[in-house]
Amino acid sequence: MKRTVRKAAILGSGVMGSRIAAHFANNGVDVLLLDIVPKSLSDDETKKGLTAESPAFRNRFAKSGLENAVKSNPAAFYRADLASRVKTGNFEDNFPEIKDADWILEAVIENLDIKKSVFEKVDQFRKPGSIVSTNTSGIPVHFMLEGRSEDFRKNFLGTHFFNPPRYLKLLEVIPTPETDRAVVDFILEYGDLFLGKSTVECKDTPDFIANRIGVFGMMNTFKVMEQLGLSVDEVDKLTGPVVGRPKSATFRTADIVGLDTLVLVASHLYEALPSDEKREVFKIPAYLTKMVENKWLGDKTKQGFFKKVKKEDGSSDILTLDLKTLEYQPKKKVSFPTLEMTKPVDDLNIRLKMIYMGMDKAAEFFKIMAEDLFSYASNRIPEISDDIYKIDKALRGGFGWDLGPFETWDVLGVKRVVENMEKNGRPAASWVKDMIAAGITSFYQRKDGKRYFYDIPSKSYCLVPDAEKYIFLDDLRTNKVIEKNAAASLFDLGDGVLGLEFHSKMNAIGPDTVGFVLKALDKMEAGWEGMVIGNQAPNFSAGANLALLLMAANEGDYDEIELMIRQFQKMTMRVRYSNRPVVVAPHGLTLGGGCELTLHADHVQAAAETYIGLVEVGVGLIPAGGGTKEMTLRAMDKVADGDVALPNLRDAFMIMGTGKVATSAHEAIPMGIIRPTDSISVNKDRQITDAKRQVLALAQEGYKQPQPRTDIRVLGKAGLATVKASIYLMWMAKQITDYDKVVAEKLAYIMCGGNLSEETRVSEQYLLDLEREAFVQLCGERRTLERIQHMLKTGKPLRN
């Protein structure tokens, strides 16, 4: 029997339970969300006339959990309307309904006795063969099996999601000795394919893999910073993006997670690991104990290691806690010579080597932290995992590290670092020394476009399992790059499909990128099956290269600007009208020109986490790479002949005129940016593979080259007058500035076809010419240049 999950039951509607329910709903599963019945009516419920039998009272906790998930920031749902897939109820009235669930997931409080009582009830009502799992973060999973039926035991396992479940990729899967192997394999595959997770099978050891290593790293940070006399601000500078870790670094992460949660996890590890050689690292520092006593728990109590305060002028300021005095001080600018040297270096691998070789306190901190991490991680094999790739994958997915411990070790040089570790009293595990003695000096290697890891039992390299399922562009760099320049690379993805990757800063699209895309399209049309345009950087593209545009505008070189826009339009139109299929794979930030490129694809293979929109108005411009044309075309195509078109046109105008950005690929569909016929990859690691499959499908179906449109309906002066009236009302209500009004009227002028006296049909080229003309005109406006300059300096729009 082939398993599937059509319906899930989530037991417990707290932060984790409600957000897990939301993520199941995001991906097409109907969810039953249950919690306990409240002990008594609240004053508000009494005033409303509710009784102890009223469903509104009895379902209060589950309903409140769902409402909090809908309102959460960042959003738990891809779109708010997906919350309709979640039905709320309570443990007393609705428990029998779990009989319809294919997967029953427990997410109640971390108390073994409570969990066991929940599972006793589950065993009474579940259907045979349904999967049952616990979301425990640390209780041994096998402890929960006592008294359970045989069918329950073989279908039971741990499934540890990380918070927030929509955004943190890791799903740790923890079987018991009695779990059916088919169930484990199903959850590993289902979590990857349908929930977008990096699934990692873990041993049933304290806190599994990610928290065991990650919390060690965090607690060790506290120890080493005290040893070196570093401040909170200095440590967050040294443990953030500069070393391939999230912006929240160490202390900001602690505030987000909650200091009480951190103390709970670290204390549990201290108690559960009497034989761990680094057990004392998990002991809670005195200042952390005092902070928890003071209820300085981080974001949830509005102060922790950081505190936000209002200044006299009404603006906000962030204060940092001095760990010696436990008093808040203004944040201090952090500077270390080694970090100053690495500022111009974008390549993380090079940056890490530079820091490791440095001679200042920043380098000393990094060396101690890295070597302690390598020692601890290597000595956890085979205790928590038999395979190094699982540890690396868990830390990347659960803690947002760019590189796991063994991947980082490879970058720094395994043999050299082991020698240093021995000198510094931080011994690597014996298997690492044996590996080096056998002449093997790296944990990973790439061969024939695939990635292999060092397998300890066989003392040889084995294929990383993910390499069979996914295309990783980094694995293709050694022998599959056809051509490259500073802005982009062209790969052979296999089976006659080309892959085009951007790699400029933020993947901004400048003349080098445009020229490369045009050249790649020529190559594709000369005999390839088709092309994927995508990359595996954090963001697909932040838009056009504004710095180059500002330079040309400041010099008054409007001919150059006109040429740049003409070439950009040529690129997007070539993508649309080439004689081979082109699939664009947006993800992360896909703004401005990146969105325009997406709009012109034969097919879009979007990552679920795609934040896409035409944001040009924010810098005083209009979409001129075909974006205005395409949104107008799509809006008018939705209207049947003879029907009123203005509402559709106004919707498209508001999306562009307000610079609205979709917060997911699903939200971009009703905006008209992604079509219902396009596809979404829930797991971003699968996206390039999925996009390649779409290219081959289009080619095999007998791809027919489309023809440029000449029949786009535009409303002329009458439509323009109506849209301008709406703009005027927004301006009168002070919803937009004087200059917003100028830009909005330019946008409306294009969408209505310019100075046409009546409704008519026009070509794509006609609208492209209007786009280009308006764009160049706006580049001559002082207020546009001020907006561009402000955006480049601050990353934020200016409302001048």
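Guide: Here is a short walk through some of the salt bridges. Please keep in mind that this is a predicted model. The structure holds 64 salt bridges in total. Side chains of opposite charge can pair when their charged atoms come close.

Let us start with Lys87 and Glu97, whose side chains meet with N and O 2.7 Å apart. Lys87 belongs to strand S3 (residues 86-90), while Glu97 sits in the loop between S3 and strand S4 (103-106), so this pair ties together parts 10 residues apart in sequence. Lys87 is partly exposed, at 42% relative accessible area.

Next comes Arg126, which forms a salt bridge with Asp151; their closest N and O atoms are 2.8 Å apart. This pair links distant parts of the chain, 25 residues apart: Arg126 is in the loop between helix H5 (112-125) and strand S5 (131-134), and Asp151 is in helix H6 (residues 150-154). Arg126 is buried, because its relative accessible area is 9%, whereas Asp151 counts as partly exposed at 23%.

Asp299 lies in the loop between helix H12 (286-293) and strand S9 (306-310), and Arg252 in helix H10 (residues 251-257), so the bridge ties together parts 47 residues apart in sequence. Here Asp299 is partly exposed at 37% relative accessibility, and Arg252 is partly exposed at 31%.

Finally, some salt bridges share partners: Glu189, Asp192, Lys393, Asp466, Lys469 and Arg686 are joined in this way into one network.

Terms used
Residues numbered from 1 in each chain as written. Predicted model: local features only at pLDDT ≥ 70, side-chain atom pairs only at ≥ 80, totals over all residues. Heavy atoms only, no water. Salt bridge = Lys/Arg side-chain N within 4 Å of Asp/Glu carboxyl O. Helix = DSSP H or I, 4+ residues; strand = E, 2+ residues; numbered from the N terminus. Buried < 20%, exposed > 50% of the residue type's maximum accessible area, 1.4 Å probe, protein only.
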